[in-house]
Amino acid sequence: MKHLIPEFDAMRKRYPADAASSLVLPCLRRIQEDRGFVADSDIAELAAYIPVPRIQIEEVLAHYTQFRRAPIGRWHLQACRNLSCSMRGAEGAIAHLERKLGIAPGQTTADGRFTLSTVECLGSCGTAPVVMVNEAYHENMSPPRLDALIEELRK
Amino acid sequence: MTGRKLIMTFPVTATSHLLADYKARGGYGTLERALREMRPEQITKEVTASGILGHGGAAFPTGRKWGVIKPNDGQPHYLCANADEGEPGTFKDRWILENAPHLLLESMLISAYALQVRHSFVYIRGEFDLPYRRLAAAVEEAYAAGLFGERILGTDFACDIVIYRGAGSYVCGEASALITSIEGKKGYPRNRPPRLTVRGLYQRPTVINNVETLSNIAGIVAHGAEAFRTVGTAKSPGTQLVSISGHVQRPGVYEVEYGYPLAKFIYEDCGGPLGGGKIKCVIPGGISTKVLTAAEIETVTYDHAALAAAGSQVGSGGMVVIAEGTCMVRLLQVLLRFYHHESCGQCTPCREGMGWMHRIIDRIVAGEGRMEDIDQLIRISKANDGTTICGMGDAAGYATVGIIAKYRDEFEYFIEHKRSRLNGRLEVVQ
Amino acid sequence: MIEFFINGQPVQAEDNQTVMQAAKANGFFIPYFCWHPQLSVPGNCRICMVEVEADGGGWLDIACNMPITRGMRVLTDSERVRARRKETLQFITLNHPVDCGICDKAGECTLQDYHYEYNGSPSVSRDAKVHATKHYPLSERIVLDNERCIMCTRCVRFTREVSRSDALGVQNRGDHSLIRPVEDGAFENDPYSDNVVDICPVGALLSRQFLHKARVWYLKPTPSVCPGCERGCTVNIWHRKSEWKLNALDQKQNARIDRVTPLENPAVNGPWICNKGRDLAQIFERARAGQAMLKGRPVALQAAIDSARTLIGAAKHPVALVSSWGSNEELAAFHKALRPRFSGYVKPDWLPAPGERIEDKLLIKPDKNPNGAAARALFPALPADARSAFTPDTDLVLVWGEGFSFAHLPPNAKIVYLNSWLQPENGHADVFLPISVMTERAGHYTNFQGVVSGFEACFARPAGVADAVTLFAELAQPVRAGATA
């Protein structure tokens, strides 16, 4: 985490003086962006840097779904299965991905390329079904478009 | 056309979200006039006179919320734009963040000036990546142009803004949980009292407004409360950004003037139901709002009073069209799974109740339902009404009671025959 | 002061009190799980909901966070309130294992009490209960049953607001929420950790020391004072009720300290004690000295007392090392009987153990003896170099209590040793007299602030062991002619 400290110092200046505790979420996001996940050592270092009690960081990591404490596949396919997506083919899309990749939601392919998850509403209901790949939204994901996406990601 | 426009007043192009284009449309002119010619209390007065209601779902009068902030009380005030937009079916704030970020920023600056706010925040859900990047770029442009920071436009007014990204928690769209999240903690809502306008972020007076609500402020200050009130209806002045999805031909974000006929909107402006069939029902604004049947939407105008009279609400503007042939039992199952997943777990009725309802409906869908399950779902819903720390428990209850009230026969069929009367369909038959 | 009404009765409330606080202060009971007078208000259990009467029907809301307005009319037991409580208890017991048959908390469990008082109905659920970890090791001392936990968060708030170890938190969300300790083991080092066992309203947090040892209704609490430091926290020592002493049991179980809990004391320790106080059995159940001796040779108690009197009578420059664990009564008796003859010094019977917290802002004080202040009011403290208490003329040292190294005693002096514990030094004394311990007598200690607290006897003094108060008077009596040395 040490190499991120200058960024964190700059971030700190943007917040009110007594608001250091706010740094927990943005710093964790940055750590995860950098490393791919939040390591146990990051927790102790971040707690000491801000400073906040370590338990606060542990609670945050377990509460918010976007944080992870272990690495996952190179491409994280997060398929929405909430209302509008389910009404426009999400269940079929997820089943298609399961068949195509040979994994169930929560699993990673053996080659470490793809991790499949189901998620709740992503706020893109007008272009359902939607699959979020790492940070990006992929919309209107019919099976042919899913196939094209996987091909592209496999390159 | 869905009535007059206040927000979606320009064609979306490759550059329309940038500062140069916004300025060419007259952007930041209102901020300049407000800082130079108006006192903070005049702005609050104008907002109150406009009668604008919150666009996040609760429809609380914005001026009344602002009015609780005491000027010159010697403590910091905070302003947060709620861009968490997690309500299923709702994606209209995203339109503003992607296409009109400067409208939000200018409005926030005017609001911050009115409320004596030095530090403002936009809390944006963690999954919104493109909206975040558009907004962040707009913030950078604004800082570079001297529109944030010290001595804005050469006046004594100073204001900074931080875009705070969430990390996957629907409950953080609730105002007090949003604040607790900005404080770097779990998204736990808080009991009231105290109101957030008395003790909010870091225990200071805080105003939290929805992105769309705030985005209206520039226009209200520019043209005045009276002009604003000429749009919409007496009790619902202005417009609503409606995100419509589900079994509809032309899903998307539309700006609808309050008072516009709902049936016209759905059938004409949005192309009517997908697949050329019939509409079964419509969720008007977020999944906790009571469903309106096809017959009910025929006679209703899109405004707060009319929807309330019809037993529903404007809510978050997240409208979902449900076609004939959709299994309402499976539909409720999706909703209850969602509420169970998102419950923060603090208070007893919601923590235990959401899981309980989800397990019951899973059992029904698996063909293991019992007749008493239907009344059990209603009992749990009622036990979450007005008993919880935040509105999420109530919301799940309203969704459940609303659907069962109108489609009880489907639930009874499912339990008796151990299968859906409609083949468990959620997709439309094409 | 604000006047309002509870159940039709006028009540005077202080400004800024909540309905819960005002109700409690005026003798009205409103049930609560998550509320605690010494902790912040989370308002999560929802059992304290009360009805506020108003035109148009009134409303229900939690009392623990409800501000009081002049003239408001609160009902704590109306039909609506009772119905709401039943529903809340249905939720709380929804996934609760209801394994009272094997739960230590049975008999002192708030959930049991409220169920019988306010619900009494079976669960309306026909679904399987959600399972969670039954025996999570929160620390070496505390085991957590996540199924019984009702997520009141008292334990979490205790570590944030009182002990300040920040060692507990809530992992996950919804009904997957779990109380968990911070991963760096800080809860293990929280010297106040066991207080969470007291404040847990159900049997989720349990003391390993006490786990499955005894049903609480077989035990009685005896008020006492913790001797662990000069704070003198008042405690309850729990031991078997006389009517529940079973012949079939190992007699040791009939006469042991089963557990120690705080005895609430606003002037000294509030509702808390530190873990050292929980471990009093480790102090009082060490091997006891039960046999009087003369230079290691067992003799009858009276014979030993007579020998001691002879030695005392003959001594020209006797020195006494006074126990800082002596009670006010023993010290007074000692002072009266022996001060005329002896130069006395107060010794610290106990010093801090390696790794023991010396002092903090909560309860723990540096002097690890319960009555040093009272003793030092009567005798000077032992100098830092203990040997300087003695002169070449010192011909008798009376050592009272443990903790003094015999290596520091003058080699040519006679030694009379009064001690409760089986220690090698006992055999080296010219006269050894076994004496009673605190749990075998009543008395008082004075803490570092001058607060006097009393303790009562829990157990009978073993045969052959002397009572210190009467012993000092006896030791001071002159020797009769003809008594053997």
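Predicted model: local features only at pLDDT ≥ 70, side-chain atom pairs only at ≥ 80, totals over all residues.
Leaving aside residues up to four places away in sequence, C:Tyr32 touches C:Met20, C:Cys45, C:Ile47, C:Cys48 and C:Cys64. In soluble globular proteins, nonpolar side chains tend to be buried together.

Staying in chain C, have a look at helices α10 (residues 328-338) and α12 (residues 468-476). How do their axes cross? The angle is roughly 0°, and the axes come within 8 Å. Angles under 35 degrees count as roughly parallel, so α10(C) and α12(C) are roughly parallel to each other. On the α10(C) side, the residues that meet the partner helix are C:Glu329, C:Glu330, C:Ala333, C:Phe334, C:Ala337 and C:Leu338. Facing them from α12(C) are C:Ala468, C:Val469, C:Phe472, C:Ala473, C:Leu475 and C:Ala476. Sort this contact by class and you get ten nonpolar residues, two charged ones and no polar ones.

One more stop in chain C is C:Met151, in the loop between β7 (142-144) and α4 (154-161). Its phi is near 60°, a positive value in a residue other than glycine. Most residues other than glycine have a negative phi, and most peptide bonds are trans. Is C:Met151 buried or exposed? It has 25 other C-beta atoms within 10 Å, so it is buried, the threshold being 20 or more.

B:Leu153 sits in the loop between α7 (129-144) and β3 (160-165) of chain B. Here the count is 15 C-beta neighbours inside 10 Å, so B:Leu153 is partly exposed.

Further along chain B, the loop between α8 (175-182) and β4 (206-210) holds B:Pro193, and B:Pro194 is in that loop between α8 and β4 too. Check the peptide bonds here. The bond from B:Arg192 to B:Pro193 is cis, with omega near 0°. The bond joining B:Pro193 and B:Pro194 is also cis, with omega about 0°.

Now for the domains of chain B. The assignment gives domain 1 (19-229), domain 2 (239-323) and domain 3 (328-417). Between the C-alpha centres of domain 2 and domain 3 of chain B there are 23 Å. Where these two meet, domain 2 of chain B puts in five residues and domain 3 of chain B puts in seven. The domain 2 side of that contact consists of two nonpolar, two polar and one charged residue.

B:Leu422 and B:Thr326 are 96 residues apart in sequence, yet their C-alpha atoms are 6.7 Å apart in space. Not counting residues up to four places away in sequence, B:Leu422 touches B:Gly325, B:Thr326 and B:Cys327. With 19 other C-beta atoms within 10 Å, B:Leu422 is partly exposed.

That leaves chain A and its partners. Chain A is assigned domain 1 (2-63) and domain 2 (75-154), and the C-alpha centres of these two domains of chain A lie 30 Å apart. Which residues does each chain bring when A meets B? The contact takes 46 from chain B and 40 from chain A. On the chain B side, α7, β3, α8, β5 (239-246), β6 (252-257) and α15 (328-342) each supply at least two residues. The largest share, five residues, comes from α15(B). By class, this side of chain B has 18 nonpolar, 16 polar and twelve charged residues.

Chain C touches chain A too, in a contact that takes eleven residues from chain C and eight from chain A. The chain C side divides into four nonpolar, three polar and four charged residues.

Note on methods:
Residues numbered from 1 in each chain as written. Chains lettered and ligands numbered in written order. Domains from an automatic or database assignment. Nonpolar A, V, L, I, M, F, W, Y, C, P; charged D, E, K, R; others polar. Axes fitted to C-alpha atoms, helices over the stretch in contact; angles between N-to-C directions. Helix = DSSP H or I, 4+ residues; strand = E, 2+ residues; numbered from the N terminus. Parallel < 35°, antiparallel > 145°, perpendicular 65-115°, else oblique. Buried ≥ 20, exposed ≤ 12 C-beta atoms within 10 Å, placed from the backbone.
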